[in-house]
Amino acid sequence: MLPRLEMRTKAVQVLWGCFFLWNLCISSTQTIYPGIKARVTQRALDYGIQAGMEMIEQMIKEKNIPDLKGSESLEFLKVDYVNYNFSNIKINVFSFPNTSLAFVPGVGIKALTNHGTANISTNWDVKSPLFQDTGEADLFLSGVYFTGIIVLSQNDFGHPILKLQDCYAQVSHAHVSFSGELSVLYNSFAEPMEKPILKNLNEMLCPIITSEVEALNANLSMLEVLTKIDNYTLLDYSLISSPEITENYIELNLKGVFYPLDNLTDPPFLPVPFALPERSDSMLYVGISEFFFKSASFAYFIAGAFNVTLSMKEISNHLVQNSQGLGNMLSRIAEIYILSQPFMVRVMATEPPVISLLPGNFTLDIPASIVILTQPENSTAEAIVSMDFVASTSVGLVILGQRLVCSLSLNRFRLSLPESSRSNIEVLRFENILSSILHFGILPLANAKLQQGIPLPNPHKISFVNSDVEVFEGFLLISTDLKYETPLKQQPSFHGWEGLSLMSGQWRGKPAA
């Protein structure tokens, strides 16, 4: 009997071990869904050509182009060699009339330009066994051609990574015009020098472009994907997967989750998959899931942001001053409780507010308790009324700048009471009073806080224009066009993310302005 019991015990242990390993396997392979999706369309790429030209023009004005050096023999002058150096190279005017950007499914974005031209000014010096001299020159380039594929991916920290693939750049023609006292002489043998200049220039172009992409990557690696929203929460905008690229768009999957300021633990619920509608009229579509708002509700609840205490004076500052609304409300409270001393109202959420996104309807139900306290002089506050309630609110949405701004309006206020108590006229009167306090006192304070908005992910110096917000089941959709603003000498960053610097996993900084 004993051996059989031992065998059964071992079998149970083996089964539990297999079950444990299976759970580990399932959890390690569990799909992670985004809280935010951002889709860039072909319209954005077409606009990007225009904006890109402005960016390139600004970059070229600030860019130090390396010297162009070489040595050539001039057989027609019977000169064994002439060492030349073009320095202080400045691109004054350039034109790329035939430029296109297109999505390469599963790979990246293909850039193509041809028939480009450029006017360049430079200083020069030449040395040979017979003479040496210095001066200035103009270089005209034509037949500029470039093609390459920009491959997009992510690193381990959720930063975007760019890589230039299949780079090919060539300048077909170059014409040098020297200036100075001996310009006639130098221009007579300029043509033989144009071929080596072209050769050296064509060898330099792709390395220069690749270097610029690497410099951009260095800036991208410093992007703050975790930003401090206020004194309660942080927001994580990191990429959770490499971008999805089709013939018509590129789609980015962002984590999109709020955390309490001192706790970066994920909320006790998971995001669910959602798909953006197939549209192409706008340059950018941003889908914000119900999970995103639920994580915000949970984080603010954990951080204690939904607890507020107001004095009678503070309430009066936010009540609508019409007819004798304030006086009537306070006198009705006095009638019921025969109060002669000042009082305070304390509202505390008992659970995280419940988020619901349905077609055309965004609601927020707030389960909370309300406490009315007396405030005797030289004494601690004493609670005289404490009741639980549920406030159902509608959420209004608008895009202001690069921020999503929400506002709350009260739909319904209901005390958590047995149905038998609702026939009591005093209970109904008190419910109306508390509803007025919430509607005219608490919600205006909340809406004032909400005016700072939620920063939306967008490229550096790019503004949202012609924006629209729609609510679908499980997510809301922002459709917007983009506008490139005048560039400044700053590293690229997402709007509103400059104030936070992560070092060794710790945050520092101030709320996004």
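Guide: Six strands make up an open sheet, ordered β10-β11-β1-β13-β22-β21, with antiparallel pairing. This is a predicted model, in which local features need pLDDT of at least 70, side-chain atom pairs count only at pLDDT 80 or more, and totals for chains, interfaces and linings use all residues. Residues are numbered from 1 along each chain as its sequence is written, and side-chain values use heavy atoms, with hydrogens and water left out.

Visitor: Which strands stand at the edges of this sheet?

Guide: Strands are DSSP runs of E with at least two residues, helices are runs of H or I with at least four residues, and both are numbered from the N terminus. Two strands pair if DSSP finds at least two bridges between them. Here β10 (244-245) and β21 (462-472) each have a single partner strand, so one side of each lacks a neighbour in the sheet.

Visitor: How many bridges join β1 to β11?

Guide: Strand β1 (residues 36-41) and strand β11 (residues 249-254) run antiparallel and are joined by six bridges. Within this pair, A38 stands opposite L252 in β11.

Visitor: In what order do the strands of the three-stranded open sheet come?

Guide: The order is β8-β9-β12, and the pairing is antiparallel. The edges are β8 (226-228) and β12 (257-260). Strand β9 (residues 233-236) pairs with β12 over four bridges, and D236 stands opposite V257 in β12.

Visitor: Which strands does helix α5 lie across, and at what angle does α5 run to β13?

Guide: Axes are lines fitted to C-alpha atoms, for helices over the stretch in contact (heavy atoms within 4.5 Å); angles run from 0 to 180 degrees between N-to-C directions. Helix α5 (residues 290-302) lies across β1, β13 (284-289) and β22 (475-484), at about 50 degrees to β13. Helix α5 also lies across β9 and β12, running at about 5 degrees to β12.
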